[in-house]
Amino acid sequence: MVSTIEMKKLSSKNIVSPKGFKAAGIHCGIKHKKKDLAILVSEVPASVAGVFTTNAVQAAPIKVTKEVVYATKKMQAMIVNSGNANACTGKQGLADAYEMQQLAAQKLGIDSELIGVASTGVIGEIMKMEPIQKGIELLIPDSKLENGIDFAQAIMTTDTVMKNTTYATVIDGKEVLVSGSAKGSGMIEPNMATMLGFITTDANIESDELQKALSSVTDCTFNSITVDGDTSTNDTVIVMANGLAGNESLTPAHPEWENFYTVLRLVAEDLAKSIARDGEGATKLIEVEVDGAISDEEARKIAKTVVGSPLVKTAVFGCDANWGRIIAAVGYSGAHVDPEKITIKIGGATMVENGEPIKFSEEELIEILKQHEVKIYVSLEVGEGRGFAWGCDLTYDYVQINASYRS
């Protein structure tokens with residue numbers, strides 16, 4: 001028997017809202033003024049899952065965290081800094097990442113093998129360890145809402161807004177919460193992005209099942225966003241599940257598995273869309289929906305190609321209903337298409353139907369393209385596949401931000 005999916009989005013909740021989680025975020029001196037050091041702690045060792053950058057060049061903290069995720073398979077805390085990526089820093093960078101892990105272990109009085117490390121910021125600069133050493137001592141994790149806010153602020157780099165979301169569901173009669181915080185604004189081309197994502201849940205689930213769920217969810221969320229086509233060295237998404245909700249252990253055979261999987265996907269999707277919306281210099285979120293593809297994978301591939309096209313992105317920025325750029329991106333995506341069956345809509349207005357151009361009102365399309373969220377729909381009619389991708393427009397400010405990133 002399959003249960004009816006029960007879930008709700010909760011406001012005024014964040015990463016510390018699931019039972020047994022605490023966090024803190026402070027300014028320790030890596031950045032000039034803003035918060036730059038954060039910690040996330042579970043009261044008990046939690047099941048853990050992680051997905052990481054596919055870039056062949058990977059930052060030192062990823063090596064440390066992968067050992068926890070794949071070898072220990074339990075995690076109780078994450079220590080995170082912003083302002084320095086600790087990437088391309090050689091043996092010294094790896095030693096510094098392990099030192100961060102050890103210092104956090106001493107601070108919390110737990111085994112260092114239960115602590116993950118994440119860093120984000122400028123690549124190629126040796127980490128300033130003195131502020132981190134002093135800062136870890138000053139961290140006071142708590143479960144107050146403000147502590148979750150401090151955590152979200154401390155992991156930001158060029159982000160303009162915090163990225164938080166929480167959903168609740170019911171499993172075995174127990175309320176289960178899934179919450180997430182993320183950072184990401186530029187170098188966003190999954191798999192995955194210059195992004196860090198942290199998801200907490202009080203659900204009871206073993207690490208292997210959690211890993212399968214996260215990997216599946218990642219394909220249709222974090223791996224479906226793009227801002228500028230660059231893949232970072234530090235991308236990390238971590239899920240910690242401490243089991244304190246008290247439900248029976250979750251597997252796909254559990255009658256309420258879909259409740260958990262759905263809220264996990266919704267949290268990941270919210271974070272992914274908020275990253276795309278906050279792309280450096282962005283003024284608009286672009287959503288591309290593709291249906292009628294050979295497969296879901298091909299649909300996502302086409303959607304991501306369209307939303308990642310610099311010409312599509314600049315057309316949206318300039319409120320130019322240039323559908324030729326969209327159909328060109330569909331064509332060079334590498335997916336199977338039949339040009340005579342393609343239909344394209346922008347915000348509900350049809351531009352192309354079955355491969356034929358349709359007359360449309362320029363004035364109507366300009367008004368549609370002026371909105372903060374722009375929806376592009378592509379129908380292929382060659383299969384049953386459906387997929388989404390999210391991105392943002394490409395603006396003058398993107399160039400200005402990245403031309404002076406280290407200044």
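This is a predicted model: local features need pLDDT of at least 70, side-chain atom pairs count only at pLDDT 80 or more; totals for chains, interfaces and linings use all residues.
**Entry 1: burial and overall form**

Residues are numbered from 1 along each chain as its sequence is written, and side-chain values use heavy atoms, with hydrogens and water left out.

Next I looked up the radius of gyration, taken over C-alpha atoms. A compact globule of 407 residues would have a value near 22 Å (the rule is 2.2 Å times the number of residues to the power 0.38), and the chain agrees, with 22 Å. The C-alpha trace spans about 70 × 60 × 35 Å along its principal axes.

I then checked contacts (heavy atoms within 4.5 Å). Among those with a separation of 6 or more, 80% join residues 24 or more positions apart.

**Entry 2: strand S6**

I listed the secondary structure as DSSP runs, numbered from the N terminus: helices are H or I with at least four residues, strands E with at least two. The chain has eleven helices and 15 strands.

I picked strand S6 (residues 163-171), where seven of nine residues are buried. Which strands does S6 pair with? Pairing needs at least two DSSP bridges between two strands. S6 pairs with strand S1 (residues 7-9) in the antiparallel sense over three bridges, and Lys8 stands opposite Ala168 in S6. S6 also pairs with strand S7 (residues 174-183), again antiparallel, over nine bridges. Here Thr165 stands opposite Gly180 in S7. S6 and S7 form a hairpin with two residues between them, and Asp172 in the turn has a positive phi of about 55°.

**Entry 3: cavities**

I searched for cavities, meaning sets of points on a 1 Å grid over the protein atoms alone where a 1.4 Å probe fits but cannot get out. How many cavities of 30 Å³ or more are there? The whole structure has two.

Ala59, Pro61, Ser119 and Thr236 are among the residues that line the second largest cavity.

Notes:
On a 1 Å grid over the protein atoms alone, a cavity is a set of points where a 1.4 Å probe fits but cannot get out, and a pocket is an open set with protein on both sides within 12 Å along at least five of seven lines; lining residues have an atom within 4 Å of a point. Grid points are joined across faces, edges and corners, and a volume is the space filled by probe spheres set on the points. Buried means under 20% relative accessible area, exposed over 50%, partly exposed in between (1.4 Å probe, protein chains only).
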